[in-house]
Amino acid sequence: MDNRLIIFDTTLRDGEQSPGASMTREEKVRIAKQLEKLRVDVIEAGFAAASQGDFESIRAIAGAVREPVICSLARANERDLARAAEALQPAARKRIHTFIATSPLHMKMKLRMEPEQVLEQAKLAMRFARQFTDDIEFSPEDGSRSEEDFLCRVLEAVIAEGATTINFPDTVGYAVPELYGQTIRRLRERIPSSDKAIWSVHCHNDLGLAVANSLAGVMIGGARQVECTINGLGERAGNTALEEVVMAVRTRGAYYNLECGIDTTQIVPASKMVSQITGFAVQPNKAVVGANAFAHASGIHQDGILKARETYEIMRAEDVGWTANKIVLGKLSGRNAFKQRLQELGIELDSEAEVNAAFARFKELADRKSEIFDEDIMALVSDEEAAAGGEHYRFVSLAQRSETGELPFARVVFSIDGVEHAAEGTGDGPVDAMVNAIESRAQSGAELVLFTINGISPGTQSQGEVTMRLAHSGRIVNGVGADPDIVVASAKAYLAGLNKLHSKIERLNPQLP
Ligand code: KIV
Ligand code: ZN
């Protein structure tokens with residue numbers, strides 16, 4: 001169908017390339033299931049050759065998610081392609097996405113290859129990939145800075161070898177909308193077999209133009225697939241935001257005249273899940289999914305909205321999945337009600353033992369916090385999953401003292417491989433004292449490079465959700481922790497970050513040769 005727009009979600013691959021956004025297999029499966037509910041067409045589940053963790057995550061998603069096409073990225077070499085095919089084996093519908101850089105700069109400096117060698121390698125890769133699936137996507141990396149004549153040769157050759165999707169990446173976010181759209185249009189006009197493939201856009205947001213470029217690639221260039229991520233997550237300034245593209249196409253339907261299969265009511269739940277799992281908070285004024293996206297502060301606007309909603313709103317909050325914060329559970333809720341709420345939130349715990357452990361934590365929380373919201377349950381489950389994954393460090397308890405004019409003090413009890421240790425520290429503030437206490441024992445040498453705290457539900461009784469980004473030996477990880485006591489939340493986040501550093505998951509970046 002000419003007006004069908006394919007939504008290709010790469011939150012779990014390009015999104016995960018954001019420094020600190022690495023996710024566990026369980027977290028990725030949870031997001032993939034939410035993406036299935038959102039009804040995306042393709043899920044790029046990872047880059048199978050990047051690490052054992054990526055490989056296993058793709059395999060788990062391929063087994064757990066049945067509706068969307070499951071895709072793995074692979075460089076244009078036999079090892080990567082075979083690894084992608086192996087990871088995708090359980091998938092009901094699978095795609096291999098292979099790429100090689102085509103810009104003069106990348107070919108010369110990064111690949112150290114002549115253009116003719118790149119062309120040959122692209123063809124060989126296509127031929128090799130064909131034995132595994134008929135659904136193959138090809139990307140000329142750094143396409144927007146590549147020479148057009150060379151692109152025509154490469155793309156014509158890979159289509160002849162069976163590429164079914166041609167993706168045109170603006171790898172470094174250099175493109176501007178009209179030129180990006182026109183380039184795609186010219187490529188399609190110049191390549192005789194171009195109509196044998198679906199054309200796709202893949203934009204990075206370095207100039208804040210990723211969504212505009214993607215839409216220009218669709219409207220001017222005739223692309224019919226958009227590659228995007230939830231909340232625009234991605235390396236550097238991020239990727240095209242799925243929610244913005246989908247809502248632009250829907251809200252301005254008369255102009256775009258495009259159909260996409262997305263269930264828009266699942267957008268906000270997906271946004272919250274990705275933000276909570278990765279620790280990347282959504283800015284309040286972010287389009288569609290920001291906390292202020294439907295908030296009206298000025299009296300004139302509020303008056304207008306009360307008289308007729310359309311005066312100041314072009315979309316309905318409920319259409320993108322905003323619901324009034326509901327108190328979902330409380331102290332008296334039983335195990336069955338808790339289990340049912342987990343199901344409604346799309347959370348599947350592996351065993352009854354995990355449900356019991358999560359329920360015990362829920363009861364603990366309900367003793368301290370009278371109203372439990374969905375966000376509280378999601379934070380709690382993340383904690384429980386991390387524990388089930390066998391954490392090296394685990395928070396046990398914290399005592400803390402701070403008073404104006406006094407040096408803040410913290411005593412933290414935490415376990416290392418199951419053995420409890422108590423450590424004390426002082427510092428400039430309570431969080432500094434807590435980190436110093438943990439470090440006096442853990443001696444990780446990690447540097448705290450980012451610290452954020454958000455209330456996850458309304459009111460002062462909300463849990464604080466803390467993200468701590470830690471750097472060590474060139475690696476960057478995000479630790480997330482939630483608790484009604486923000487120093488405890490910080491301690492949990494710090495230990496979660498140390499666990500990630502300790503896990504030493506090394507992965508290749510696909511942008512490296
Ligand atoms: O930005 C990019 O070029 C990519 C490719 C691997 C498609 O992510
Ligand atoms: Zn990319």
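**Entry 1**

I started at the join and found nine residues of domain 1 in contact with eleven residues of domain 2, contact meaning heavy atoms within 4.5 Å. This is a predicted model, where local features need pLDDT of at least 70, side-chain atom pairs count only at pLDDT 80 or more, and totals for chains, interfaces and linings use all residues. Residues are numbered from 1 along each chain as its sequence is written, chains are lettered from A and ligands numbered from 1 in the order in which they are written, and side-chain values use heavy atoms, with hydrogens and water left out.

I looked up the bounds: domain 1 is 6-278, domain 2 is 326-387 and domain 3 is 390-502. They come from an automatic or database domain assignment. Taken over C-alpha atoms, the centres of domain 1 and domain 2 are 35 Å apart.

Next I checked the area buried between domain 1 and domain 2, which is about 820 Å², with 43% from carbon and sulfur atoms. Buried area here is the accessible area (1.4 Å probe) that two parts lose on being put together, summed over both. On the domain 1 side, Arg30, Lys33 and Gln276 supply 55% of what that domain buries against domain 2, more than any other three residues.

**Entry 2: the salt bridge**

Which residue pairs with Lys272 in a salt bridge? I found Glu375, with the closest N and O atoms 2.6 Å apart. A salt bridge needs a side-chain nitrogen of Lys or Arg within 4 Å of a carboxyl oxygen of Asp or Glu. The count between domain 1 and domain 2 is one.

I then asked which elements give two or more residues to the side of domain 1 that touches domain 2, and got α1 (25-38) and α11 (267-278). Helices here are DSSP runs (H or I, at least four residues) and strands likewise (E, at least two), numbered from the N terminus. α1 gives the most to that side, with five residues.

**Entry 3: two loop residues**

Ser194 sits in the loop between α7 (177-190) and β7 (198-203). Is Ser194 buried or exposed? I read a relative accessible area of 8% for Ser194, so it is buried (under 20%; exposed is over 50%, partly exposed in between, with a 1.4 Å probe and protein chains only). Its side chain reaches the backbone oxygen of Arg188 at 2.7 Å.

Gly279 is in the loop between α11 and α12 (299-307). Gly279 is buried too, also at 8%. Leaving aside neighbours within four places in sequence, I found Gly279 in contact with Val274, Thr467, Asn478 and Val480.

Terms used. Polar contact = N/O pair within 3.5 Å; in protein donor to acceptor, adjacent residues only side chain to side chain.
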